[in-house]
Amino acid sequence: MWFFARDPVRDFPFELSPDPPEGGPPGPWVLHRGRKKATGSPVSIFVYDVKPGADEQTQVAKAAFKRLKTLRHPNILAYIDGLETDKCLHVVTEAVTPLKMYLKERAEAGGLKELELSWGLHQIVKALSFLVNDCSLIHNNVCMAAVFVDRAGEWKLGGLDYMYSSQGNGGGPPRKGVPELEQYDPPELADGSGRAVREKWSADMWRLGCLIWEVFNGSLPRAAALRNPGKIPKSLVPHYCELVGANPKVRPNPARFLQNCRAPGGFMNNRFVETNLFLEEIQIKEPAEKQKFFQELSKSLDSFPEDFCRHKVLPQLLTAFEFGSAGAVVLTPLFKVGKFLNAEEYQQKIIPVVVKMFSSTDRAMRIRLLQQMEQFIQYLDEPTVNTQIFPHVVHGFLDTNPAIREQTVKSMLLLAPKLNEANLNVELMKHFARLQAKDEQGPIRCNTTVCLGKIGSYLSASTRHRVLTSAFSRATKDPFAPSRVAGVLGFAATHNLYSMNDCAHKILPVLCGLTVDPEKSVRDQAFKAIRSFLSKLESVSEDPTQLAEVEKDVHAASSPGMGGAAASWAGWAVTGVSSLTSKLIRAHPAAAPAETNVPQRPTPEGLPAPAPTLVPATPATPGPWEMQEEGTDTADDSSAADRWDDEDWGSLEEAESVLVQQEDWSTGGQASRAGQTSSLDVKSPESDWSSWDVEGSWEQGWQDPSPPEPPPEGTRLASEYNWGGPEPSDKGDPFAALSARRETGAQLRPDSWGDDNWEGLETESRQGKAELARKKREERRREMEAKRAEKKAAKGPMKLGTRKLD
């Protein structure tokens, strides 16, 4: 029977890379790249081939193997595995690069910053301090060839071949036998007696001085070159001179050297070193210290090395979020570091954390996620967005904090291309309808209109037909002037999505009404949009064959390519109007004020001052916007009540029960809460998305607020604020009289929007309804009395003491 001996090298769980060796420390060791067979993770493998007649070198290699296996310190090369046979020694460590090769590569890429060098030298000195002060060991081989750099840019001390004990047991220092290493020996070793050596760390500190000289100046040609510091930074020169002094007694202890360099103004006293030291001790830091550290970290990341951010800062950020209480403060540095990752790494490390963060109830976490969504949205796939992110994001539409509602609206610009049919065309449109109709913040209503215009191209053809015209028409009736401008810009940005009939019968009548708007910016945009639509209609009238080409996008499926026009037409609203919202939120972060003054331009001389335009911030019972039918009979179209708030919102109404208390104008606002709730439950069959139209029946309007207080001195009105239109001129405004009429009307009826005489129509309608209800009640009463009389006559009079059995 034959027995075959197993090859231990073949069974070793690590294998050498086919790439040529990277070299290694002077001596018999050769450094190879390698990988773990099971996982493919990279490692470094130091290989020593046993040669006949080299017993002394073999003993030194085996001693280094043993030392590296037993010594564990963050700044010493990390041992992973090893293999010892009669023919070779294999030592597997973390993946590293020799310092000399690392410096050369970085020099070709622009060189290392002093911050990186200061932290690298700090790590080597700290490793020497550990060996000398804690282990009583002399390294005896400190040089550039004994230093390695890992993937995070951390410097590791290796080359433990010639290490010996400083306490004398185990013999003296081993003989090196390598001429390249003898130039790093201190001058006192030339004295064979060794009487000049007074401190156990003196020789290693001399060699540390040689290492510092080589890091800044290149390879050391001879020991005499140490007298010239060369490119060594001035803040380090005094401490360097102590290391290479001829008197070994003045060479400081490694711990003392670190203390000197960390003093104010010292070479190692900088933000990079402080950040690394904090990260090394982050597990024992107090929560308040961690919060402060992460808040200040973002400012420093731009000056930190990329490898350091990816491999050292990022794991600590992920750990702090996963197991700590860092919260929202880790978001900003996390996304900043994420820029250094490729798509695969981002999916593996960042996206799982982001998805988990969206389920958080922390408001600070949610608003920071929304603000920085642009940095990670491209890495999110559609199933993740629709099932794990969007269901949590939509809660922001119902939040009581205006800042969260505004950021939620803005985030839809990024989420819309990834939303499915149900979330985009049904769920999102319900929330947008509610915001545009009921939100008390004018800028949020404005940005809702802008966002709808920008995502209009992503909607389905049927949704576009139902939503866009009605939504933008409603915006043109908003009391907040920028919202009216946004409605006009929305029409212009989505002009290719309307049929010629809609342009002529629905859109142009709305725009023509805005040509006499009190705000000049609204009038200017209205005239531009009217000219645009008229040009289209005229071109089709001249050449009817162009109709198919002009209306090609009307019934087309949703197309992301059509969103560019909206972005250019309405880009001002997100930057200009949102700043106003931010001011409102910064001034009142907890609760919005009852009324918010809108900035205004000074009134030109000789013209009446416009009425103060106030943005209702937190009305007690917000109502939908009032829209009056133009040119048609109200009674004919009353069955098709086209208003967004008539939709059955379901959970939306339950989530904010305060908003269901709406005043019925027909009853003078005296209906009880029960009556109001029951009236909301009765929905018209036509009250669906198909009923959106500008000539709808708007029976509910703004509630009568308390008389507004005069604005503070110097407050600019919305009618005088430059919202992106042309600069005001000194010429008199022929429409300024409309503002005065508006002011007079506001004094008489605060919810009036102008001088249109709507009171007569409403009064007649109320009287007619009341008379009809009274007649019905009288007829019903007479019928009931007749029935009771018939029953009484049939049974006859009841006798005293008898019991009525029926």
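Asn-140 is found in the loop between strand 7 and strand 8 (147-150). In this predicted model, the phi angle of Asn-140 is near 65°, a positive value in a residue other than glycine. Most residues other than glycine have a negative phi. Asn-140 counts as buried because its relative accessible area, 6%, is under 20%.

Ser-136 sits in the loop between helix 4 (114-134) and strand 7 (137-138). With a relative accessible area of 15%, Ser-136 is likewise buried.

**Chain as a whole**

The secondary structure of the chain amounts to 30 helices and 12 strands. The chain has 806 residues, of which 48% count as buried. Among contacts in the chain with a separation of 6 or more, 70% are accounted for by residues 24 or more positions apart.

**Arg-484 and the cysteines**

Arg-484 is placed in helix 21 (residues 481-493). The side chain of Arg-484 makes a polar contact with the side chain of Asp-517, at 2.8 Å. Arg-484 has a relative accessible area of 5% and is therefore buried, the cut-off being under 20%.

A disulfide is a covalent bond between the sulfur atoms of two cysteines. The structure holds 0 disulfides. Cys-309 is buried, at 0% relative accessibility, whereas Cys-512 is partly exposed, with a relative accessible area of 40%.

The accessibility values for the residues discussed above are set out here.

| Residue | Relative accessible area | Class |
|---|---|---|
| Ser-136 | 15% | buried |
| Asn-140 | 6% | buried |
| Cys-309 | 0% | buried |
| Arg-484 | 5% | buried |
| Cys-512 | 40% | partly exposed |

**Cavities**

The model contains 7 cavities of 30 Å³ or more. Helix 2 (residues 55-70) gives the most to the lining of the largest cavity, contributing 3 residues. By class, the lining of the largest cavity comprises 10 nonpolar, 2 polar and 1 charged residues.

Terms used:
Residues are numbered from 1 along each chain as its sequence is written. This is a predicted model: local features need pLDDT of at least 70, side-chain atom pairs count only at pLDDT 80 or more; totals for chains, interfaces and linings use all residues. Side-chain values use heavy atoms; hydrogens and water are left out. Helices (H or I, at least four residues) and strands (E, at least two) are DSSP runs, numbered from the N terminus. Buried means under 20% relative accessible area, exposed over 50%, partly exposed in between (1.4 Å probe, protein chains only). A polar contact is a pair of N or O atoms within 3.5 Å; within protein, one must be able to donate a hydrogen and the other to accept it, and residues adjacent in sequence count only if both atoms are side-chain atoms. A disulfide is a pair of cysteine sulfur atoms within 2.5 Å. On a 1 Å grid over the protein atoms alone, a cavity is a set of points where a 1.4 Å probe fits but cannot get out, and a pocket is an open set with protein on both sides within 12 Å along at least five of seven lines; lining residues have an atom within 4 Å of a point. Grid points are joined across faces, edges and corners, and a volume is the space filled by probe spheres set on the points. Ala, Val, Leu, Ile, Met, Phe, Trp, Tyr, Cys and Pro count as nonpolar, Asp, Glu, Lys and Arg as charged, and the others, Gly among them, as polar. Contact means heavy atoms within 4.5 Å.
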